[in-house]
Amino acid sequence: VSVGNGLVDLYGKLKNVEDARKLFDNMPERNVVSWSAMIAGCVHNDFAEEALKLFEQMQLEGVSANDFTLSSVINACSSLGNIEKGKSLHSDVRKAGFESNLVVGSALVDMYVKCGSLRDARDVFDKMSERDAVSWTSLIAGYAEHGCGEEALDLFVKVLDEGLKLDEFTFASVLRVCARMACLVQGKQVHAYIVKAGFESNPMMGSALIDMYTKCGDTSHALVVFNKIAEQNAVSWTTLIAGYAQHGLSKEALLLFDKMVGAGIEPN
RNA sequence: UGGCAUGGGAAUA
């Protein structure tokens, strides 16, 4: 069974859901790991509906879900924006006693965020017994997405207070908030944290910083950041070009585009 | 007892 599970997982990760499914269907024996791997494979390859179907089938066959199964199938509801199913899974989580599980909790927060119910997301978040960078980022990104900049920044201050190690995903979400609010003061503070955390040359940090600086009207700092990125990718270039264009610097933007092509980056 | 599976992020439009 373990070998089969490993193969189902591998095919799913290689984006070959068809073969994963063939393997899964032909397994002489299936346990909760087999089902979880197959469900996760579907979710990661944009077959969220199929993941929900598999979950139902699993229950019909009398296999009970564990924390891994639940987080994957909750993630399926996130991508579908299916809050009804999400809520019913939330009650399954409570019944199965996975309420205090870190991963399941973060998946629920993300699910409610993607379904547009920030109240529920906040409620789950507040009730979690432990939180990591993912839990915090899910909620911060949720507030960012829904235009609740104040709440997002408030959370960021709190997580800094807790002394939790943050990753580039958290910083990217906070920078997005600063960009939207055109708040240069906050943005510069976040920039300082990024430098301190050693993420300065990270391409994702670079594009988030460029976006923040241009939306705040500081194109010269945006250029400084751009030049510090270890390896500029298409997003780095696009962000800078769009930032210049937004400020009427169309000649500079066109020049940048030529430079991008010259640097061997394919425009998309 | 151990082994295999699960959650979050950036530009443009």
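A polar contact is a pair of N or O atoms within 3.5 Å; within protein, one atom must be able to donate a hydrogen and the other to accept it, and residues adjacent in sequence count only if both atoms are side-chain atoms. A polar side-chain atom of Thr239 makes such an approach, lying 3.1 Å from a sugar or linking oxygen of RNA strand B. The model is predicted: local features need pLDDT of at least 70, side-chain atom pairs count only at pLDDT 80 or more, and totals for chains, interfaces and linings use all residues. Residues are numbered from 1 along each chain as its sequence is written, chains are lettered from A and ligands numbered from 1 in the order in which they are written, and side-chain values use heavy atoms, with hydrogens and water left out.

Chain A contains 16 helices and zero strands. Helices (H or I, at least four residues) and strands (E, at least two) are DSSP runs, numbered from the N terminus. The C-alpha trace of chain A spans about 65 × 40 × 30 Å along its principal axes. Of the 268 residues in chain A, 46% are buried. Buried means under 20% relative accessible area, exposed means over 50%, and partly exposed lies in between (1.4 Å probe, protein chains only).

The surface near RNA strand B was examined next. A residue is near a strand if one of its heavy atoms lies within 4 Å of it. RNA strand B is surrounded by 44 residues. The closest are Ser2, His44, Ser106, Phe169 and Met204. Of the atoms of RNA strand B that come within 4 Å of the protein, 45% belong to sugar and phosphate. At least two residues of this surface come from each of helix H1 (2–13), helix H3 (32–44), helix H5 (67–80), helix H7 (102–114), helix H9 (133–145), helix H11 (168–181), helix H13 (203–215) and helix H15 (234–246). By class, the surface has 15 nonpolar, 18 polar and 11 charged residues. Here Ala, Val, Leu, Ile, Met, Phe, Trp, Tyr, Cys and Pro count as nonpolar, Asp, Glu, Lys and Arg as charged, and the others, Gly among them, as polar.

An N or O atom in the side chain of Ser106 is 2.2 Å from a base nitrogen of RNA strand B. An N or O atom in the side chain of Asn75 is 3.4 Å from a phosphate oxygen of RNA strand B.

The 14 residues of H5 should span 20 Å at 1.5 Å a residue, and its end C-alpha atoms are 20 Å apart, which agrees. The expected span is 1.5 Å times one less than the number of residues. Because 10 of its 14 residues are buried, H5 is largely enclosed by the rest of the structure. The buried residues include Asp67, Leu70, Val73, Ile74 and Cys77.

Helix H13 contains Ser207. Ser207 counts as buried, at 12% relative accessibility. A polar atom of its side chain lies 3.1 Å from the backbone oxygen of Met204.

The structure holds six aromatic pairs. Rings of Phe, Tyr and Trp (its six-membered ring) pair if their centres lie within 6.5 Å; planes under 30 degrees apart count as stacked, over 60 as edge-to-face and the rest as tilted. The ring centres of Phe156 and Phe171 are 6.4 Å apart and their planes are at 75°, so this pair is edge-to-face. Phe156 lies in helix H10 (residues 149–162) and Phe171 in helix H11, so the pair ties together parts that are 15 residues apart in sequence. Both residues are buried. Phe156 and Tyr193 are also edge-to-face, because their ring centres are 6.1 Å apart and their planes are at 85°. Tyr193 lies in helix H12 (residues 184–197) and Phe156 in H10, so this pair ties together parts 37 residues apart in sequence. Phe156 has a relative accessible area of 3%, whereas Tyr193 is partly exposed at 31%. Ring pairs link Phe156, Phe171, Tyr193 and Phe199 into a cluster.

Two arginines sit over rings. This requires CZ of Arg, or NZ of Lys, within 6 Å of the ring centre and within 35 degrees of the ring normal. Arg30 lies over the face of Phe24, 4.8 Å from the ring centre. Arg131 lies over the face of Phe125, 4.6 Å from the ring centre.

Positive phi values occur in two loops. Lys15, in the loop between H1 and helix H2 (17–25), has phi near 65°. Lys15 counts as exposed, at 61% relative accessibility. Ala182, in the loop between H11 and H12, has a positive phi of about 50° although it is not a glycine. Ala182 is partly exposed, with a relative accessible area of 45%.
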